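Opening my notebook for this one. I want to jot down what I looked up, one entry at a time.

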Amino acid sequence: MHYDLAICGSGLFGSVIAYEAMKKGKKVIVIDKRSHIGGNIYTEKKDNIDIHKYGAHIFHTSDKRIWDYINSFAPFNNFINTPIANYKGKLYPMPFNMNTFYAMWGVITPKEAEERINSERAEIKGEPRNMEEQAISLVGRSIYEALVKGYTEKQWGRSAKELPPEIIKRLPVRLTFNNNYFSDRYQGIPEDGYTAIIEKMLSGAEIVLDTDFLDEKEEWKKRADLVLYTGCLDAYFGYSEGKLQYRSEIFEEIRLEEENHQGIAVMNYTDRETPWTRIIEHKHFNNASSPVTWISREYPVDYEKTGEPFYPVNDERNSALYSKYKALSEKEQNVVIGGRLAEYRYYDMDKTIAAALELAEKIL
């Protein structure tokens, strides 16, 4: 059978494109090598709890158009992300705000906190050259040592001095008693999990699971007028220019015979010795009613250990290599790329939808 559009990958990006294509009467097939749709936002219900199988996914945006778009597929709750940092058994509110500064230093006023931060950041002279210097220039050394250094080095598998300063620039620092991690106007989680949203987006498309698009790449290209590829771009070209680097995650799911394990959805473990970076207790995302609970421990690992790419390593070497693959992709006939893997960048979900809608306008 011939299709108007073949999509490699059933994650959020590919699913939005599929939905927009089918609205215009296009015949669509979606191919995914996993055994389920939804990519990394896939959720699975266990004991009345929606399990975020690939880590916490909290939708947040300041773009009303995108908020209305995603809400057209499912009702969202009013979940607010207020993670806690656990440093050697002591708890600190995140992101960095007056509650954190009080817990760390005992300061009560914004002026006291600012004076403490300024005194500690004074050791950094000039423009920060790496992630460690950037973090110290934002919050001072004591908070950096306790709440940033260990977590970041576990996450990226290298010294903070070897990481670019851009990694930490997204981290909010506030002189208010505000524990809301995000500053976006809209925030929440779908009441029935993310999988239900993807099912609606892909309704009407032919779906092929447990199938690696690249195994029969040329055949799929013959069977469709246009191909959207959302996978790793180096893999598409057979790693001809070399391999792009990623960090991966192992998610250890545990069912606990207790109603409430940690009292919050997200707890970060910021010391270097604890092997996991955080524990997610899934029932708190939706206030699920259940006599048991499910948690996930997240262990950052090298990409080679899992074969599952999560975070691109956007250093100079990888950025230059990606540019080569991007140039090759632009020479492909009837093939377009998009999404976090194909574009080798980190996308929040709202930006994923916005990018997908923008591409849909161009290609459909």
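**Entry 1: H3 against H6.** I looked up which residues meet here, keeping in mind that this is a predicted model. Thr100, Phe101, Met104 and Trp105 in H3 are in contact with Ser142, Ile143, Ala146 and Leu147 in H6. Sorted by class, this contact has 6 nonpolar, 2 polar and no charged residues.

Next I checked how the two helices cross. H3 (residues 98-105) and H6 (residues 141-156) pack at an angle of about 100 degrees, and their axes are 11 Å apart. Angles of 65 to 115 degrees count as roughly perpendicular, so H3 is roughly perpendicular to H6.

**Entry 2: the cores.** Which residues touch the most other members of the largest nonpolar core? I found Phe96, Phe101, Met131, Leu147, Phe213 and Tyr229, out of 53 residues in that core. H6 gives the largest share, 6 residues. Another core lies apart from this one; it has 48 residues, among them Ala18, Val28, Phe59 and Leu226.

I also listed partners for Met131, skipping its neighbours within four places in sequence: they include Tyr144, Val148, Leu163 and Ile167.

**Entry 3: H1.** Is H1 mostly covered or uncovered? Mostly covered: 10 of its 12 residues are buried. Leu12, Phe13 and Met22 are among the buried ones. What covers them includes strand E1 (3-8), helix H2 (64-71) and helix H13 (349-363).

After H1 comes glycine 25, with a positive phi near 85 degrees.

Methods:
Residues are numbered from 1 along each chain as its sequence is written. This is a predicted model: local features need pLDDT of at least 70, side-chain atom pairs count only at pLDDT 80 or more; totals for chains, interfaces and linings use all residues. Side-chain values use heavy atoms; hydrogens and water are left out. Buried means under 20% relative accessible area, exposed over 50%, partly exposed in between (1.4 Å probe, protein chains only). Helices (H or I, at least four residues) and strands (E, at least two) are DSSP runs, numbered from the N terminus. Contact means heavy atoms within 4.5 Å. Axes are lines fitted to C-alpha atoms, for helices over the stretch in contact, and angles run from 0 to 180 degrees between N-to-C directions. Angles under 35 degrees count as roughly parallel, over 145 as roughly antiparallel, 65 to 115 as roughly perpendicular and the rest as oblique. Ala, Val, Leu, Ile, Met, Phe, Trp, Tyr, Cys and Pro count as nonpolar, Asp, Glu, Lys and Arg as charged, and the others, Gly among them, as polar. A nonpolar core is a set of buried Ala, Val, Leu, Ile, Met, Phe, Trp, Tyr and Cys residues joined through side-chain atoms within 4.5 Å.
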